[in-house]
Amino acid sequence: MKKITAIAHPNFALIKYWGKSNFYENIPAMGSISVVVDAMKSETTVSFPPELKKDTWVLNKVEQPSLGHLEPSLQYLRSMSPMRQSCLIESTNNFPTAAGLASSASGTASFVKAMSQCLEIQPKRKQMIKATMLGSGSAPRSLFSGFVHLDFFEGALDCMTILNPEEWPLKVIVCLTSLERKSVSSRDGMEISRKTSSFYKDWVNNHYQDIELALSAIASRNLKTLGTVAQENCLKMHEVMKTSQPSIDYWNMTTHSVVKSIETMQDDGLDIFYTIDAGPQVKIICKSDLTEEVCSAMKKISGIKSIIECGLGQGARLIGG
């Protein structure tokens with residue numbers, strides 16, 4: 001029985017997207033820039049047991065009622081192959097699922113990588129991007145390494161590494177402020193904001209100024225400038241969420257405490273910055289020599305469930321089969 005395993009790492013956006021230009025094909029309304037992290041991973045094994053009667057997804061050892069967000073990706077990949085046997089998808093995450101830590105991105109990327117190999121197809125780069133995009137709008141970024149840019153180039157969606165991990169080996173310190181599943185999924189939240197937030201149009205129209213500033217800062221390895229634009233972009237996204245109807249606020253009390261502590265360290269001259277995606281978890285970006293000092297400060301904050309120290313990671317890849 002053919003069995004293929006792939007892994008992929010979550011990515012955290014420094015310049016974020018929030019909203020879709022095409023809800024049904026899951027296409028973002030704007031570009032984004034992210035970092036892929038190494039210590040967190042999704043591992044997916046795809047096989048075709050002869051006794052299996054229907055496509056089945058087992059996530060963290062629990063059989064799911066459906067394929068969920070993986071279904072569109074699977075059907076797209078199947079359209080390139082004559083194979084129609086029912087597949088068993090077994091996925092595990094070594095970090096909390098659906099808690100604002102990009103598990104859907106890494107999970108989808110690892111699935112697409114494994115499934116492509118199982119189906120004996122060789123999708124082109126843009127086909128891989130589309131396959132992952134159908135499952136999660138941020139999943140294409142987990143196909144690539146280090147700093148990743150997802151955007152529209154010459155009218156077509158594309159995604160690429162703009163800086164490899166070893167070219168600027170920053171640290172990402174993830175502060176888990178909750179282990180619960182978030183109450184509003186990113187996909188649902190984006191559509192609510194697109195339809196109801198009074199800030200949404202400005203968010204879309206002004207977004208590319210942030211993209212250009214971040215690209216310049218990354219190219220020159222300027223952490224101060226990157227941090228300034230990334231934090232501002234993060235706060236603008238959360239303002240769009242808060243001004244939606246109903247209002248969407250992913251932050252909890254511990255999130256606020258962590259942000260306040262980071263701002264104090266910044267006032268004291270530490271060259272660090274934070275970003276927060278669609279969830280309550282805080283990611284702190286810094287150079288390696290500040291890792292111990294930042295972690296020590298975070299450990300003093302009541303309410304943090306755990307702290308994960310990450311470097312920048314590699315793109316999705318096969319590990320068995």
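Asp 55 and Arg 78 meet through their side chains in a salt bridge, at 2.8 Å from N to O. Here a salt bridge is a side-chain nitrogen of Lys or Arg within 4 Å of a carboxyl oxygen of Asp or Glu. Asp 55 sits in the loop between strand 6 (42-47) and strand 7 (56-59), and Arg 78 in helix 1 (residues 70-78), so the pair ties together parts that are 23 residues apart in sequence. Helices (H or I, at least four residues) and strands (E, at least two) are DSSP runs, numbered from the N terminus.

This is a predicted model, in which local features need pLDDT of at least 70 and side-chain atom pairs count only at pLDDT 80 or more, while totals for chains, interfaces and linings use all residues. Residues are numbered from 1 along each chain as its sequence is written, and side-chain values use heavy atoms, with hydrogens and water left out.

**Salt bridges**

The structure holds 8 salt bridges. One of them joins Glu 120 to Lys 2, with the closest N and O atoms 2.4 Å apart. This pair links distant parts of the chain, 118 residues apart: Glu 120 is in the loop between helix 2 (103-118) and helix 3 (125-135), and Lys 2 is in the segment before strand 1 (3-8). Another salt bridge pairs Lys 41 with Glu 43, at 3.9 Å from N to O.

How open are these partners?

| Residue | Relative accessible area | Class |
|---|---|---|
| Asp 55 | 22% | partly exposed |
| Arg 78 | 7% | buried |
| Glu 120 | 61% | exposed |
| Lys 2 | 30% | partly exposed |
| Lys 41 | 32% | partly exposed |
| Glu 43 | 26% | partly exposed |

**Cysteines**

A disulfide is a pair of cysteine sulfur atoms within 2.5 Å. By this rule the count is 0. For Cys 159, the nearest cysteine sulfur belongs to Cys 310, 19 Å away. Cys 159 is buried, at 0% relative accessibility. Cys 234 is in no disulfide either; its nearest cysteine sulfur is that of Cys 175, 13 Å away. Cys 234 is buried too, with a relative accessible area of 0%.

**Two further residues**

Thr 196 lies in helix 4 (residues 186-196). Thr 196 is partly exposed, at 33%. From Thr 196 to Ser 138 is 58 residues in sequence and 22 Å in space, C-alpha to C-alpha.

Pro 246 is in the loop between helix 7 (223-242) and helix 8. Pro 246 is exposed, at 57% relative accessibility.

Note on methods. Buried means under 20% relative accessible area, exposed over 50%, partly exposed in between (1.4 Å probe, protein chains only).
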